[in-house]
Amino acid sequence: MATEETTNKSYVDLSNKLSMEELLSGSTGSGNFAEGSIVSGKIVEKRQDGALLDIGYKAEGFIPSTEFRNWEEVQVGDQLDVYLEAIENESNMPEISLSKANFIRAWEKITSEYGEGSVIKGLMKHKVKGGIIIDLNGVEAFLPGSQIDIGPVKNMDEFIGNEYDLKILKINQERKNIVVSRRALLEESRKDRRAALLKEMEIGQIRKGQVKNITDFGAFIDLGGVDGLLHITDMSWGRINHPSEMLEIGQEVEVMVLDIDFTKERVSLGLKQKTKNPWDDVESKYAVGSVVKGRIVNIMPYGAFVEIEEGVEGLIHVSEMSWTKRVTKAGDVVSVGEEVEAVVLEIDKEGKKISLGLRQKTRNPWEVLAEKYPAGSKIHGKVRNMTSYGAFVEIENDIDGMIHVSDMSWTRKINNPNEVLKVGEEVDAVILDIDPSQQRISLGLKQTEDDPWSEIEKLYKIGDVVKGKVTKITQFGAFIELSRKIDGLVHISQISKDHVDKVKDKLALNQEIEARVIKIDKDERRIGLSIKALEEGFSEDDLKAAGEEVAAALKPGEDLVSIGSVLDSALEGIQVEDNADAPAEEEKKD
């Protein structure tokens, strides 16, 4: 407050010389002329730069024209009170001051009539650092910049030359300083207006206001003395990302009073509440199953939001976008701003949620296929993918059916589909089952042919001589592929009359052989073969005995191929263990 301290500094020394009573009475010094007193005089001459004043002394005193408020109106003969600073100066003339006399009288008047907290009119004279100098009828006061207006003042020049009511904040008698405030009066006035306005307000009222400020969460509206908050969620029934999309500072708006907090003097406002809530009629306007048109307004990984009308949005979940494709991101199917048609699946009026479907615009292709291909129908398609348990074959319209490994062959156990099929291969298959609700189609490859085991009695009889190719060799025998892809087993005991230690010593893969049928088990789907039964002298009793011998060697209910794999693994393990023990045996020998 350096400026406040220097205001009227030239007049401070007056109070150090004499009291106010002494100044006005002129009771000090000799005669009627006491330095530091106020004396009366008459203008005897008006010059260009000032006036000569006769105070009754032997010489006149001079007053500069700058000390007169209205120099043009000054005339010879005018009576004035002046402050006598010195009886004689260097020019042997009285040293007098009109401005100091005016200040003394003005200060006395103001301090006697006004105190701190009083309201007084003041003229904005000129700017200084930190504020404005005010003329209070002859006494200069300081108006800090922070006290000019309620809000920050960008240009103080706009106030210069204007007269305002001001509130006296502080009077310093010693320094002859006065600090005033315009803001204090504005705030008091505003507080009164706010209190009166709050009493007038009622919830549900429509009031006019002006947008005062905009933030990310809403806008503050000046209602004529009271600021109300219009939250972003109360601006529109529809979706908006920022209040600036609807409002701008200075805009005149009509808003509804939603809530009033008289204690905190806060008012909540609404803009959308002036119109009817569109969700009130959604159930009657958008029935479940109806088709609606809308615009994509927002996309999330799990789905797309569609604006059906202002304030009403529905969600198309990714699972409802395609019948045949697995959609993982909604953005792969639709884009913001795109116009779409969708089917209403579900309405939650209370939660303000509508579930929409994009794929429901067309009939479920799985249902169409179920009608087009009843169980038992044959299809032709391409193998598109394979897993360890089956192969997927495209039927039509990007819909795949699966051939399980158990449905690939009547006669062989298929452990992996690549034993029979490959990707890109075109195959014929039979529809076994279609489940539209689960979107699953079961296909059969073996079902395209008759089951040869259903007529096995017609194909083979005990004692028949058959030809075939060795397809697999195990520790207990060899598998022979016969006609119709039926596998028969030549047990190790049926290879030769002589003892056979290892099958591979007698038979080789892909070797063409002849053998006789010695056993047919339709339930277990097994055919027993014997090479040694081809030799002369092998009677029917021998055939029967050989068949019983093979049957006894195999457990009922177990697959021949599985048994072979187990035996192979077991024997290989024994062989490895035997080899591992070999060095130890050598050490024992040593």
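This is a predicted model: local features need pLDDT of at least 70, side-chain atom pairs count only at pLDDT 80 or more; totals for chains, interfaces and linings use all residues.
Over which ring does the charged end of Lys46 sit?

1. Numbering starts from 1 along each chain as its sequence is written, and side-chain values use heavy atoms, with hydrogens and water left out.

2. The ring in question belongs to Trp71: the charged end of Lys46 lies over it, 4.9 Å from the ring centre. Here a charge sits over a ring if NZ of Lys or CZ of Arg is within 6 Å of the ring centre and within 35 degrees of the ring normal. Arg182 has such a placement too, with its charged end over the ring of Tyr164, 4.6 Å from the centre.

3. Six aromatic pairs are found in the structure. The ring centres of Phe68 and Trp71 are 5.2 Å apart with the planes at 45°, so this pair is tilted. Tyr302 and Phe305 make an edge-to-face pair, at 6.4 Å centre to centre and 85° between the planes. For reference, rings of Phe, Tyr and Trp (its six-membered ring) pair if their centres lie within 6.5 Å; planes under 30 degrees apart count as stacked, over 60 as edge-to-face and the rest as tilted.

4. How accessible are these rings' residues? Phe68 is buried at 10% relative accessibility, and Trp71 is buried at 16%. Tyr302 is partly exposed at 39%, whereas Phe305 is buried at 18%. Buried means under 20% relative accessible area, exposed over 50%, and partly exposed in between (1.4 Å probe, protein chains only).

5. Strands (E, at least two residues) are DSSP runs, as are helices (H or I, at least four), numbered from the N terminus; two strands pair if DSSP finds at least two bridges between them. Strand 13 (residues 227-231) and strand 15 (residues 266-270) are parallel partners over three bridges, and Leu229 has Ser268 in strand 15 as its bridge partner.

6. Finally, have a look at Leu247, in the loop between strand 13 and strand 14. Leu247 is buried, with a relative accessible area of 5%. Leaving aside residues up to four places away in sequence, Leu247 touches (heavy atoms within 4.5 Å) Val211, Ile214, Ala219, Leu230, Met235 and Val253.
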